[in-house]
Structures are given as C-alpha cells and as structure tokens.
Amino acid sequence: MSHQPNVTEVADCLLRIEMELRRLDAWSDQRPSEQALQSTQPFAVDTLEFTEWLQFIFLERMKWLVEQGQALPSVSGMAPMAEEYFRAREGSGLALIRELEAMDRLLSK
C-alpha cells in the first residue's frame, strides 16, 4: 500500500509555492499558449520557463488533484530543477527552492 501524503500539508505547501512565485515577481497573468502547455518534455523545458511550468502546469494540476481527492504523484524532483534555474539568474530563489524541497519530501514519503 503506497503512502498518500497529508492533503492539508500539500495544500499549504502549494499556497506557499504560489506566494513565493508572487514574491519573486515570477507569477504571470499571461497564460502560455496551449501548444506550449502541451510539451512532453520534463518540466516543459522546451516551451516554458521553469516558473511558468510551476504556475501553469504543476500548481494547477496539483490543486485540481487535491480538490478532487485524487491520488497525488508519488515522486517529485522539483528542487534540483529550481536550483539549476535560479543558478543562472539574478536574485535568490532560495525560499522557493525550500518550499519545493518540502513538496518533494511530502510527495515522495
């Protein structure tokens, strides 16, 4: 029997990830094209910025899964991807990386 993460903890973590994206001014009101969102690459690296993937694919999908009471993914490796993304940019994404590490832990327990 696989362990399901605590839904309340996951929901709280999703909110903190959204707050960090907003704090970093990486939250967008402009939705990417449907074509960009259909990428089959991990993290949609070929069509989206990592922060766009977080907002428009990961957060939306996870919120839907939580609201519908669906099974959550059991593996997650977002923190290393975030570290790589922020290494090449000005400004620190450290707080966001910490939230993604927390989500990775929640999902892969």
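User: Why is L54 called buried?
Analyst: L54 has 0% relative accessibility. Buried means under 20% relative accessible area, exposed over 50%, and partly exposed in between, with a 1.4 Å probe and protein chains only. L54 therefore counts as buried.

User: Where do these values come from?
Analyst: This is a predicted model, in which local features need pLDDT of at least 70, side-chain atom pairs count only at pLDDT 80 or more, and totals for chains, interfaces and linings use all residues. Residues are numbered from 1 along each chain as its sequence is written, and side-chain values use heavy atoms, leaving out hydrogens and water.

User: Which helix holds L54, and what does L54 touch?
Analyst: L54 sits in helix α3. Helices are DSSP runs of H or I with at least four residues, numbered from the N terminus; strands are runs of E with at least two. Contact means heavy atoms within 4.5 Å. Leaving aside neighbours within four places in sequence, L54 is in contact with L21, L59, M78, L96 and L100.

User: How far apart are L54 and G69?
Analyst: In sequence, they are 15 residues apart. In space, they are 20 Å apart, C-alpha to C-alpha.

User: Why does E99 count as buried?
Analyst: E99 has 17% relative accessibility, so it counts as buried. E99 lies in helix α5, residues 94-108. Beyond four places in sequence, its contacts are C13, R16, I17 and E20.

User: D25 and A44: is each buried or exposed?
Analyst: D25 has a relative accessible area of 71%, so D25 is exposed. A44 has 1% relative accessibility, so A44 is buried. D25 lies in the loop between α1 (7-23) and α2 (34-37). A44 lies in the loop between α2 and α3. Neither is a glycine, yet phi is positive: about 60° for D25 and about 50° for A44.

User: What makes a set of residues a nonpolar core?
Analyst: The residues must be buried Ala, Val, Leu, Ile, Met, Phe, Trp, Tyr or Cys, joined through side-chain atoms within 4.5 Å. The largest such core here has 31 residues. Those with the most contacts inside it are I17, W53, L54, F58, M62, L100 and M103. Helices α1, α2, α3, α4 (78-87) and α5 each supply at least two residues of this core. The largest share, eight residues, comes from α3. In soluble globular proteins, nonpolar side chains tend to be buried together.

User: Why is the pair of W53 and F58 called stacked?
Analyst: Rings of Phe, Tyr and Trp (its six-membered ring) pair if their centres lie within 6.5 Å; planes under 30 degrees apart count as stacked, over 60 as edge-to-face and the rest as tilted. By this rule there are six aromatic pairs. W53 and F58 are 5.7 Å centre to centre, with 25° between the planes.

User: Which helix gives the most to the lining of the largest pocket?
Analyst: Helix α3 (residues 50-68) does, with five residues. A pocket is an open set of points on a 1 Å grid over the protein atoms alone, where a 1.4 Å probe fits, with protein on both sides within 12 Å along at least five of seven lines; lining residues have an atom within 4 Å of a point. The lining includes W53, F58 and M62.
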